[in-house]
Each structure stands twice: as C-alpha cells, then as structure tokens.
Amino acid sequence: MKGLIVEDEVNIRYLFREFLKIKGIEVDEAEDGNEGFKKICQNKYGFIILDIKMGGKHGIEILEEMRKRGNKTPVIICSAYRHLKDDVFLISKENVYFLPKPVDLNELWDIVQKSMSLN
Amino acid sequence: MGGDKRKDKRNRRQIREVDFFMVFRWIMVLLLLLLSIYSSINRSNIHFVLIVTGIYVFINIILRIFFTGIIEKPFSLFFIYLFDIGFVTSVLMIIGEIEQNFLLFYLLTILLVSMTGGIRTSIPATLTSSFIFFYFFNRGNLIDTTYLLKVIFIFLTGIMSGLWKEIMDSKIKMKEEEDEKKMNSIKNFYKNIICSIDEGIVVIDRDGNRIIENGNYKNLIEEEYDEPLVKNLKFMIEMNRPFSTSFMTRDRRFILVKGYPLKNEMNEIEGGVGIVSDITTEKENIDFLNRTKNLANIGKMALYIAHEIRNPLNIIKGMTQLLEMKYGDKEYVEYVLENVKRIDDIIEDLLSFSRKRESIKEEIELSSFIREVALSIKNDPRYEDAKILIGVDEGMRICVDKENLRKILVNLITNGIEAKEEGAKVQIFVTKDEDLVHINVKDNGPGIPEDIRDKIFDPFFTTKKKGTGLGLCIVDKLVQEEGGTIKFYTKKGEGTIFRVSFPLNKERKEVINYERAHSGR
C-alpha cells in the first residue's frame, strides 16, 4: 500500500521518497496542506507523513479533520518544534506518531513498518 | 548657637541706637552753640563758650574713637548724659542766661537718654536734671510753684519716654522671638526633609568644608569613599557642572552619586550638594529585566531559526544516513551525525527560552533524586573520571518540577566537573533553614575571575572551548520558574559554590510544625 508525504520542503520530500524507495515502498507527494488533504480524502494510504508548518492547512488541522471524518490512517507528524508533541496527542493518540526534525531515518522506518503492519 | 545670634542682633541694634543718640547730641550741641553765640553777641564771654564747646567736642571724639565699647554699654549712657547736662548748664551759666527758660535743652537731653537706655537711664537723668534745675534756677526755694510744675514736667517726660522705650523694646523682642521661632521651625522642616529621605546628602562650601550631612550619608558612604567624593564635588564646583557617577563598593553594593553646584539667589556658586543612593536593588531589577527581555528575544529568534535550520539539518542527516546505506561507510557518517546532533542541541537550548513549559510540581525525595542525577552523569563517558560526592540527609523533600530540577542539577554538576581539567571533584550538599532548602554544588576549579562574575548568567557568555554559553542562563531561568533563587560564592584557586534555594514545601512545613507541636506535649 502507498504512503503519502505532505511536506512543503522539496528536498525533504525527495529524501523520504528516496529512502522509502530503497525500502521498497511507493509514495505519493503533496507540497502543501490543502493538496495533501485533498489527496487524503480521495485515496486510501497505508501511512501519511505530515509536516506541521506549511502552506494551506497545517498538519494538526489536517489530522483533526481526518479523525473527525473517521479516517484512521496512521499519521507520522514531523516537526521542527518538539514542544508541539503534546498538542498533537491532544487530538488523537491512536495511530499517531511524532518524529522531531531532524528525523532519524531508522526511527522513521520503525514507525512506517509498524503502520504498514496495521493495514 | 541660636542664643549667640540673638545677642549679635541685639548688639547691632544697640549700636545703631547709640549712633542715633550721638547724632542727636551733636545736633543739640550745635543748636546750643548757635544760641549761645546769638546770645553772646554783645558780651565778652564768647571765648569761654567756644572753649567749653571745644572741650565737649574733643572729649566726645575721644570717647567715640577709643571707648566705643564703653559708650555702647547702657549704664555708661547715664554718665554721658551727666556730661551733657554739665555741658548745657556750663554754657548757660557762662552766657549768663541761666535764668532764662532753657528747660527745652534739659528735656531734649532726657528724651534722648531715655530713648536709648530706657527707664533705667531715664530716672537718674530726670533726678539729676531736677536737682541741677532746682539748684541753679530756684536757689533752693522749694515752694516755687513754677519750679514744681517744671519738675513734674521733667519727670513726666523722663518716665513716659523711658516707658515708651521699654514697651518698644519688649515689642521688638517679641517680634524677634517670633521670627526666631519661625526660622527654627523652617530650619527643622528642612532638616526633617533631609533626614527623612533614604538618600545620603552632603553639602560642602567652596573650600570643601561640609556644612550639612545627613545620617544616611554616613551609612551609605564608608570613610574610604568619602574623601574622593568630596574631591569630586570640589572639582564640580570649579567646573560649575552637575555630575553623576556610580560605583560598586567592596561589599558589592551599587552606589549612585549625583553632584549639583549650590547656587545662591544671585546665581553665584556657594558650594556643592552631593546626593548618594544605594541602587543595588534597582540595578538588580534592571539587570533582571534586561536579561528576561534578552532571553525572550532569543526565544523569538529561536522559534524562527528552529524551523529554518532543522529542515536543512533534516536533509543533511537523512542524506548522510542514505549514503551510509549505499556505501556502508560508518566512520565518517558518525562524525556528520554527531555534529548534526550538536547543532540540534543548540537549537533545543535556544528554544527553551521561547516557551514556558507547564510546570508539573511533585514532591520528591532530594537525596535519592540527586543520587540518580549524579549516576546518570557518571554514566556519560566524558565525566566518568570525575568524583561526585553527595552529602544529603535522607528524607528531605521538596516540591518542584522534576524535569526542571534535573536540568538545573545536570548543568551545575557538569559545569563543576568541567571547571577543572584533571582531578575534578564536585560536592553536592543540601542545607536547610526555616523557609528554604539550599542545594549547593561545589567544585574544586580555579574560581570565577572577578571581571566575569557579572556576566556568567548572560546568554552566550562562555569561557569553555565547546560551550554555547546557554547552560547557566537556562539554569537561571529554570530556577526562577520554580520560584527559587541562585547565588554563587567563589574564591580564587579554591573553587566555586553554586547555591540554588527553593522555598520549603509549605504544606509539608505545616505537617512538620504540627508534628513538633504534638510531640512537645
């Protein structure tokens, strides 16, 4: 099953895409919150990597909307702000992971594997 | 001093009066002289009149020049008066007009002497005049009614003018006393103002002699600073420009000194006023505010750069990990990752100024908590050689945010270890007084040099090769967040003690007090 990367920084999208390609996982990409949310509503993904601070809807908003609509796809929130972890978990703890930037790829892989196994 | 001034004033008034009296005597003498000359036109005794007048003038000049002190004394007025009466009578006798009615001259003399000396001199003057008048005019005939009427008139003039003088004197005296009272109350009012304020005040004259000095001046300025201060004031008087300066005393108080030229109503400089205030608290508050402001600015900046730096950092870290996967080189990759972490740690430190973490207070047992922190530090290979000694009584509890206290202790202990390159020894001991628990972290380093003691809590101030200069700054902030205070005691070559003090858990204290109260029964 495909994953989705919602991230405004093109190089980070490239990094995650390359890494997951090596691990044999195909990903879709969105470069801002609005595009990402559209794709989430239209397709079903195995996991979603969400940035918080970006154009359009921000990551926490997207997570909130998703859960409201009953979308329980595992979400991996990546942010430069570690202190937002608590805010993220206030919305949902179920299938939500928090990865502080700079992301450790090994940690990311652990979480992706965990998410994929849920599907 | 007040009494002396009063005497001075009275004396001056008396001298004025004596001069006034003298002038009138001269006028009287001239008048008499003119009259005698006029009366002597057809007589041959004009020379005698001139000789007597000459003697009179000569004696008066001698008296005025050489015996001023005697003339000015009230009792001597009587003798001067006698002399005058004698003169008047002699002239009248010489010109042979003694029978004529020259009563006016006697009255004038009595009036003058009364107005100067009061009733004390007017009575003898009146008696003497009456006697002379009786002797020369009446030839001892007491029954002469005209003579008696004249004597009564002489007496009335003497007593009335004497009394009038006394009344005027007492009025003037009352006015003077009133003025003095007013002056005193004004003086006291200003004195009270000067003594009531917390500032020290010193006033000097042009030569540097102090005129006023309040109690707080002595309290604030020790002897060693007093002389330079007065020197500064003197210099200011020369320059005619106010000055302001501050300095730190040996016991680390900040003193602000302001000097102003003391000008009179003619705008001439008469001296200088120095105002001294202890601004230690104000300075500490300003420093604290500046520091807080600085930290808040750092926090704002950190929030911005955290995002801007961590994204590229993410790419560097990720790409390096990808390189490792692709080429299997671990050694070089390790270096990159280690330094990425270093940058990331700096950002995390900076971010700690941008947010106030919700403090979660819980009661902790200090002894075991400190041991746990020390152990975690000893487990770090960088600090494994250091000695950490802990002297804390078991069972001591305080209520703090665990994570904040951990950060505070880690920072202080690792700082202490890093203070000595080899053979570092850090002692942690806890003391307690009524309201506070003091956690002391003592190192065996070289001590903090005097010139940087004020700066050690400033952000980015560091003496270490690898430090960010944020450690103590963060400690300071966390201690404040926990409602505590931090102080340090340092001695060259002997090390430094950092003392963090927290208020004792209030509820806990009440329990202890309760226990004490009950065990005492």
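User: Strands here are DSSP runs (E) of at least two residues, numbered from the N terminus; given that, in which strand is A:Asp51 found?
Analyst: This is a predicted model, and UniProt, in an unreviewed entry, lists A:Asp51 for "modified residue: 4-aspartylphosphate". The run of residues 47–51 of chain A holds A:Asp51, and that run is strand E3.

User: Is A:Asp51 buried or exposed?
Analyst: Leaving aside residues up to four places away in sequence, A:Asp51 touches several others, among them A:Val6, A:Asp8 and A:Cys78. A residue needs 20 or more other C-beta atoms within 10 Å to pass the cut-off. Because A:Asp51 has 25 C-beta neighbours inside 10 Å, it counts as buried.

User: Which handedness does the β-α-β unit made by E1(A), helix H1 of chain A and E2(A) have?
Analyst: Strand E1 (residues 3–6) and strand E2 (residues 27–30) of chain A run parallel and are joined by 4 bridges, with A:Gly3 standing opposite A:Val27. Together with helix H1 (residues 10–22), these two strands make a β-α-β unit that is right-handed.

User: Where in chain A is confidence lowest?
Analyst: Chain A averages a pLDDT of 91, and 99% of its residues score at least 70. Confidence is highest in E1(A), at 95, whereas the lowest mean, 84, belongs to residues 85–91, which form helix H4.

User: Which element gives the largest share of the side of chain A that touches chain B?
Analyst: In all, 15 residues of chain A are in contact with 16 residues of chain B. By class, this side of chain A has 9 nonpolar, 2 polar and 4 charged residues. The largest share, 6 residues, comes from H1(A).

How values were computed. Residues are numbered from 1 along each chain as its sequence is written. Chains are lettered from A and ligands numbered from 1 in the order in which they are written. This is a predicted model: local features need pLDDT of at least 70, side-chain atom pairs count only at pLDDT 80 or more; totals for chains, interfaces and linings use all residues. Two strands pair if DSSP finds at least two bridges between them. A crossover is right-handed if, with the strands pointing away from the viewer, the path from the first strand over the helix to the second runs clockwise. pLDDT is the predictor's confidence in each residue, from 0 to 100. UniProt positions are given in the numbering used here, feature names are shortened, and annotations may be inferred rather than shown by experiment. A residue is buried if 20 or more other C-beta atoms lie within 10 Å of its own, exposed if 12 or fewer, and partly exposed in between; C-beta atoms are placed from the backbone. Two residues are in contact if their C-beta atoms, placed from the backbone, lie within 7 Å. Ala, Val, Leu, Ile, Met, Phe, Trp, Tyr, Cys and Pro count as nonpolar, Asp, Glu, Lys and Arg as charged, and the others, Gly among them, as polar.
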